[in-house]
Amino acid sequence: MKTQTLEKTKKMVTLALMCALLLVMWLTPFGYLSVGVVEITFNVIPVAIAAIAVGPVGGAVTGAFFGITSFLKCFGLGAGGGDAMGMALLQENPIAVFILLVATRILAGFLSAYIFKAVRRFNSYVACCITGFSSALLNTAFWSVAMAVLFNNSDTIRGWLGSGNLLILLIVAIGVNATVEAISSTILTGAVGTALIKSGFIKADIKKKATAPEE
């Protein structure tokens, strides 16, 4: 009973810390690197760590927290004065923007936890790195698909396309954006996740080799 209570406490503390970190990253320039109208986000890292330490619920909750802070940037809130592209798209379809920024992040965080669970039985360190990489990759992939589906006929997107800015946007978002996010998330999530496992904060779950029965 005490062990279960301790584990629940650890997960609650980790979840609270990751949400607090996301809040700090939203209110300061540390969470986003602005490149024109596109922002490279490092908020996928706390989501990946929560997915490792807490599980699917942790990944989903921090993913939702990350998404909500991104959505609030569409109203000019947060560091940097807001998200220019989000603010423009919000005028067209606020529900679609909410799905683009929040629902996709929830799904990415949720699935990242299952990726960690699947790989950690073989190698905890590799599992942490893959989870960090997956968190960034899924975030970019889901965002790109949602953007294509929800704003295919967007007047704002057409305006960027007509001026030639959309091509630059896509190159940055899917190219530089995804690369920087994936590299940083892989390295930092791998380091933090491994440290948590080695310290005993997260239980290791290495797949045991089969042993021959005693005669």
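Select Glu7 and Lys10 to begin, where a salt bridge joins the two side chains with their closest N and O atoms 3.8 Å apart; the term stands for a side-chain nitrogen of Lys or Arg within 4 Å of a carboxyl oxygen of Asp or Glu. By this rule the count comes to one salt bridge. Because Glu7 and Lys10 are three residues apart in helix H1, about one helical turn separates them. Helices here are DSSP runs (H or I, at least four residues), numbered from the N terminus.

The model is a predicted one, in which local features need pLDDT of at least 70 and side-chain atom pairs count only at pLDDT 80 or more, while totals for chains, interfaces and linings use all residues. Residues are numbered from 1 along each chain as its sequence is written, and side-chain values use heavy atoms, with hydrogens and water left out.

Next, select helix H3 (residues 56-73) together with H5, which pack at an angle of about 155° with their axes 7 Å apart; axes are lines fitted to C-alpha atoms over the stretch in contact, and angles run from 0 to 180 degrees between N-to-C directions. H3 and H5 are therefore roughly antiparallel, a term for angles over 145 degrees. Their crossing is right-handed, meaning that the near helix is turned clockwise from the far one by less than a right angle.

The crossing of H5 and H6 is right-handed, and the residues of their contact divide into 20 nonpolar, seven polar and one charged.

Finally, select Lys11, Ile52, Ala53, Arg120 and Ile202, which lie nearest the centre of the largest pocket among its 16 lining residues. A pocket is an open set of points on a 1 Å grid where a 1.4 Å probe fits, with protein on both sides within 12 Å along at least five of seven lines, and lining residues have an atom within 4 Å of a point. H1 gives the largest share of this lining, four residues.

Definitions and conventions:
Helices (H or I, at least four residues) and strands (E, at least two) are DSSP runs, numbered from the N terminus. Ala, Val, Leu, Ile, Met, Phe, Trp, Tyr, Cys and Pro count as nonpolar, Asp, Glu, Lys and Arg as charged, and the others, Gly among them, as polar. Angles under 35 degrees count as roughly parallel, over 145 as roughly antiparallel, 65 to 115 as roughly perpendicular and the rest as oblique.
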